[in-house]
Structures are given as C-alpha cells and as structure tokens.
Amino acid sequence: MTTATAAIVEAGREGRRTAVLLAAAQAIVGSAAPIAISLGALAGQYLLGPDKSLATAPITGFNLGVALGALPAAAIIRGLGHRGGFMTGTVVTAFGGLIATLALFHRSFWLFAFGLCVIGVGGAFVQQFRFAAADNAPPEFKARAISFVLAGGIITAILGPQIVIYTRELLAPVMFAGSFASILPLAAVGALVLSFLRVSPHANAVTETDTSDARPLAEIVTQPRFVAALFCTVGSYALMSFVMTGAPLAMVGCGLSEDDATLGISWHVMAMFGPSFFTGTLIHRFGAERIVATGLILLIGCAVVALSGLALWQFWTALILLGLGWNFGFIGATAMVAASYRPSEKSKVQGFHDFVLFGSVAFSSLMSGAIYNAWGWTMLNWIVFPVVALCFVALGTLKLVGAPKS
C-alpha cells in the first residue's frame, strides 16, 4: 500500500469515527429538542391565563435561540475546535434546562420562554454536528456523513418523548418541570461522548493557511446553487416547524390526550431521522436536487392527509409524512449548501446559512400559534402548498441556469 493510499484509508476511517461520535452526541444532547418542542406549547398553555394566543411563543424562543446562536456557535467552534466548541454547547443546553425548570416552579411564562431560547442556543451547536461530520469526511463520504449523524435522531425520537411521558409529573404538582430538569443529565452525558472527539490541527490549519482563495460572503450566497439550496432548507425546515408546532395543540384541542400528542411527535421525529441511514446513498446515486424534490412531494402529502380529517391516525400519518419530507428536503438541500463553498469559507457560510434558516424557523413557529388560534388546524395545512411551490420554482430556476448537480 502506498503512502497516498494509506492516507486516504486513514482519512476515511477517521471520518467514520467522527461521524459515529457525533451521531451518538446527536442522539443524547439532541433529545433536548423534542422535549422542548413537544412540551413547549402545552407548558405555555399551562402558564398562560385565559388568552392562549402566545402558547407557542416558548417554541419560538427555542427556534430563535438556534438562530441567534448560529453565528456565535460557529465562531466558538472555529476558535476552540470541534471538541471544545461542542462541549461548550452542552453547558449552554444544561443552563437552558435549569432556567426552564425554575420558570415552571415560579410560574413565569416569559422566563420559561427565555429558558427555551437558551436551550435553542445550545441547539445551535448541535446543528453544527452535520457540518463537522462532512468537514472531517472524504469527498465521497460527505453526504453519507451528514445523513449518518442525523440518523442519531432515531434514538432522539425515542428517548426525548419517553423522557417526557415518564417525567412530566415527576416534580408534581409543578407540571412538566421534571422533563426540563432531565435536560441537565442529558447534557452531561453528551459532553462525555464529545470529549472523545480528536483534536484535528489539520482542519484548523486549512482555515488559517488556505484563506487566499476565500471569496466574499456576498459572492458565495448569491450563487444560484446556494440560493436554491437556501430556499429549500428554509422551506422544508420552516414548514416542518410550522405544522409540527401546531400539531400538539390541535390534537389536545380535538380531545386527544397529551400522551397521544407526545407519541405523535415521537413518530414524527423517527420519520425525520429514520431514513438518514440511506438518504446519503440516495443523494450520491440520484443527485441532491431529485431527493429535495421528493421531500417536497412528501410535504404536500402531509398537508393532504392532515386536511382529510381529525382522527388520531390522520394526525400521526400527517406527522410521519412531515418528518419524511423534512428528511429528504433538508438533508438534500444541506448537501447542496456543502457543495457551494470552499474549505476556507465553511465557517462564515455555515453560520450565515443557519442564522437565516433558524430565524425563518422561529418566525414560522410563532405564526403557527397565531394562525392556529385565529383560523385553526385546517389553515395551517393549506399554507404548505404555496411554500412548497416556491421551493419547486427555486429548483426549476437552478436547472434552467445550468448549475452543476450535487
């Protein structure tokens, strides 16, 4: 075996090891997200008075935290490296869980929303896991590395909702406090897993010595490929947040139990991450654009099922289709984003992308509560159609300008 071949094999092995560790951390620390999402609106209702129109504001706080944390998280990771940066994120997540727990004891709605915002800032570090996996993988393994890390969300889909079910009344009579208190040990275990990441001086060196070919951010983000990818990441993620945020309220409002709503979120999150074992392979075989288009079609299917009735199976089926649509749409579009920048540009592009993405997601979650209270579950689902149409226009425009496929 030649030196060059040995180096390629070692790079592949190290890339897979990093992806495994990040997938495990995603499964553990990432469980804070389904806890916040499945209980945020219900706890908001619990803390509010007769006017429940702001019930989804805590979930908006969570998404806003992810948006506000995107650029600082990228900067901290760039300064401390993947291991130090990601472990810092677990401390932030634990702090947010503590604030949310104390807010429930003090029955403070806005402090609770702030606690979820801090959990969201910690979530901004988790969102960087997929980019770290891609950056540490050989070119032919990048899409698979992204999907492999996101596959850790399968455990998240089981762990987070089960924690909710078994801890929701743990600190009774203060409802939901036990679930948010459980975020602290989750963050501690996640930090332990992340401590096994290897510091890679080579990765930092690329950023420091290869900046001569770095383009201005404005030039990068106006490329047709990046614009189309951003439309599709924002469209698929914002729609997922928009419908999912309103779903627990709609289910409980239709007379279903809180456990039914929580299990619906569990099925949804499993659908979000389950296909990740093979999404990367599909992207490699068929191209990112086709996979994104498939995801958009599944999102339309979600809306069609949701509009067909209010039975438990219809809620759960719609949430499953919503998760599948997010998986194909978001992972495919993320691969398109990763193909639009050079190694020397990765930090600023990733930070900008996630700032725009989660700012849009925060807005969609706030609008979910407002629209649900004003017009109901039906209107939430009708809004899916024009947003998906805009994403298809972006993909079609990319094809017309002749940009190379991922």
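Is Phe330 buried or exposed in this model? Phe330 is buried, with a relative accessible area of 1%. Before going further, please keep in mind that this is a predicted model. The mean pLDDT of the chain is 86, and 92% of its residues reach 70 or more. Here is a friendly tour of the aromatic pairs, the nonpolar core and the confidence values.

**Aromatic pairs**

- Across the whole structure, a search turns up 11 aromatic pairs.
- One of them joins Phe109 and Trp110: the ring centres are 5.0 Å apart and the planes lie at 80 degrees, so this pair is edge-to-face.
- The two partners have their own accessibility values: Phe109 counts as buried at 7% relative accessibility, whereas Trp110 is exposed, with a relative accessible area of 55%.
- Trp326 and Phe330 also have ring centres 5.0 Å apart, but their planes are at 20 degrees, so the pair is stacked.
- Both residues belong to helix H16 (residues 312–338), and because they are four residues apart there, about one helical turn separates Trp326 from Phe330.
- Trp326 counts as buried, at 2% relative accessibility.
- Tyr237 joins the picture too, as ring pairs link Tyr237, Trp326 and Phe330 into a cluster.

**A charge over a ring**

- Arg107 places its charged end over the ring of Tyr46, at 4.7 Å from the ring centre.

**The nonpolar core**

- The largest nonpolar core contains 122 residues, and the ones with the most contacts inside it are Leu22, Leu104, Phe112, Phe180 and Trp377.
- Helix H12 (residues 224–253) supplies the largest share of this core, with 16 residues.
- Domain 1 (9–197) and domain 2 (217–405) each contribute at least three residues to this core.
- Setting aside residues up to four places away in sequence, Phe180 touches a list of residues that includes Ile35, Leu39, Gly97, Thr101, Leu104, Phe112 and Ile119.
- As general background, nonpolar side chains in soluble globular proteins tend to be buried together.

**Confidence along the chain**

- Where pLDDT is low, predicted coordinates should not be read in detail.

Technical notes. Residues numbered from 1 in each chain as written. Heavy atoms only, no water. Phe/Tyr/Trp six-rings, centres within 6.5 Å; stacked < 30°, edge-to-face > 60°. Buried < 20%, exposed > 50% of the residue type's maximum accessible area, 1.4 Å probe, protein only. Helix = DSSP H or I, 4+ residues; strand = E, 2+ residues; numbered from the N terminus. Lys NZ or Arg CZ within 6 Å of the ring centre and 35° of its normal. Core = buried A, V, L, I, M, F, W, Y, C linked by side-chain atoms within 4.5 Å. Domains from an automatic or database assignment. Contact = heavy atoms within 4.5 Å. pLDDT = per-residue confidence, 0-100.
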